[in-house]
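Here's a quick tour of a protein model for you. Take a look at the sequence and the structure first, then we'll go through them topic by topic.

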Amino acid sequence: MRLHNTTLGLSALTVLALAGCSNGSTSADSPTASAPVRPEGKDASVPRPLSSAALSKRLLDEGDLGEGYIRKPEQPKRHDAVTVTGCPALKKLGDQAAVGGSLDFPRRAKASFTYTGGSDSEVAEELYSDTEQRLSDGVGRIFEAMTSCRTYQVHLGSTPVTITTRKVLAEARLGEERWSQLLTFTAGGRSSVVKQTAVRVGRVVAVVSGSSALVDAHVERAVAKAREAH
């Protein structure tokens, strides 16, 4: 995979790109052991999380991004050992948290796009659905952990990737909750800067990643489509 600005979970695809690996968009509806289960008929008025299929319909598409953008095909998965050093808060969540493991909500949809007219013009989106509390806790926890350490290293297999993070403000009028950060990934003398902004709209969280300009240009549309899903 080429060195471009893109993401899986919160940072996996960029880490994989710098390590020379591949990954792709996925979706799933399988339940998790930690997911709360509300008994049928207990409170029918409480909205249920959306399915992955429903979320997929609300992802950004080529029409939203503009002329010249195409959706990247799904790539075969690679499974490499992940080790985090230099960030106790992130290490406490588990090594996989550094590459998005803590955003393993059971209902999700992901897509990434590339611009055919030039390099470093990729943008990725993820949509997650769960209860409002689980989304708030889960996304908040991983963003806090990732920005708690100015610099740390992720060893993906035998490849060390140095990550520098900085928390930034997200647009205040977007959604009920919002998180945003800038990450610089460095490996083998190459660097890539990624902005990631996550916005919660009810039972849906939209995460848009890419260069700062691309994220700022497209996050509002992503949130609008997520609101339609909600």
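What is the mean pLDDT of the protein chain, and what share of its residues reach 70 or more? This is a predicted model, and its mean pLDDT is 78, with 71% of the residues reaching 70 or more. The protein chain folds up into 6 helices and 9 strands.

- Helix α2 (residues 52–56) has the highest mean pLDDT among the elements of the chain, at 95, while helix α1 (residues 12–19) has the lowest, at 48.
- Over residues 1–13 the pLDDT is below 50, though this stretch still has 69 contacts in the model beyond near neighbours in sequence.
- Residues 16–44 also have a pLDDT below 50, and there the model shows 67 contacts beyond near neighbours in sequence.

**The chain as a whole**

- Of the 230 residues in the protein chain, 52% are buried.
- Take the contacts with a separation of 6 or more: 65% of them are between residues 24 or more positions apart.
- The chain exposes about 10500 Å², and carbon and sulfur atoms supply 49% of that.

**The sheet**

- The 9 strands make an open sheet, and if you walk across it the order is β1-β3-β4-β9-β8-β7-β6-β5-β2, with antiparallel pairing.
- At the edges sit β1 (69–71) and β2 (82–85), each pairing on one side only.
- From one strand to the next, the twist averages 25 degrees.
- Helix α5 packs on this sheet and touches β4, β5 (151–156), β6 (159–167), β7, β8 (190–201) and β9.
- The direction of α5 makes about 35 degrees with that of β7.
- For a close-up, look at strand β4 (residues 122–129) and strand β9 (residues 204–210), which run antiparallel and are joined by 7 bridges.
- In this pairing, Y128 stands opposite V205 in β9.

**Aromatic pairs**

- A pair of aromatic rings is described by how far apart the centres are and the angle of the planes.
- The count here comes to 3 aromatic pairs.
- One of them is F143 with W179: the ring centres are 6.4 Å apart and the planes are at 25 degrees, which is under the 30-degree cut-off, so the pair is stacked.
- This pair links distant parts of the chain, with F143 in helix α5 (residues 132–147) and W179 in strand β7 (residues 177–187), 36 residues apart.
- Both F143 and W179 are buried.

Notes: Residues are numbered from 1 along each chain as its sequence is written. This is a predicted model: local features need pLDDT of at least 70, side-chain atom pairs count only at pLDDT 80 or more; totals for chains, interfaces and linings use all residues. Side-chain values use heavy atoms; hydrogens and water are left out. Helices (H or I, at least four residues) and strands (E, at least two) are DSSP runs, numbered from the N terminus. Buried means under 20% relative accessible area, exposed over 50%, partly exposed in between (1.4 Å probe, protein chains only). Contact means heavy atoms within 4.5 Å. Accessible areas come from the Shrake-Rupley method with a 1.4 Å probe; for residues, only the protein chains shown count as cover. Rings of Phe, Tyr and Trp (its six-membered ring) pair if their centres lie within 6.5 Å; planes under 30 degrees apart count as stacked, over 60 as edge-to-face and the rest as tilted. pLDDT is the predictor's confidence in each residue, from 0 to 100. Two strands pair if DSSP finds at least two bridges between them. Axes are lines fitted to C-alpha atoms, for helices over the stretch in contact, and angles run from 0 to 180 degrees between N-to-C directions.
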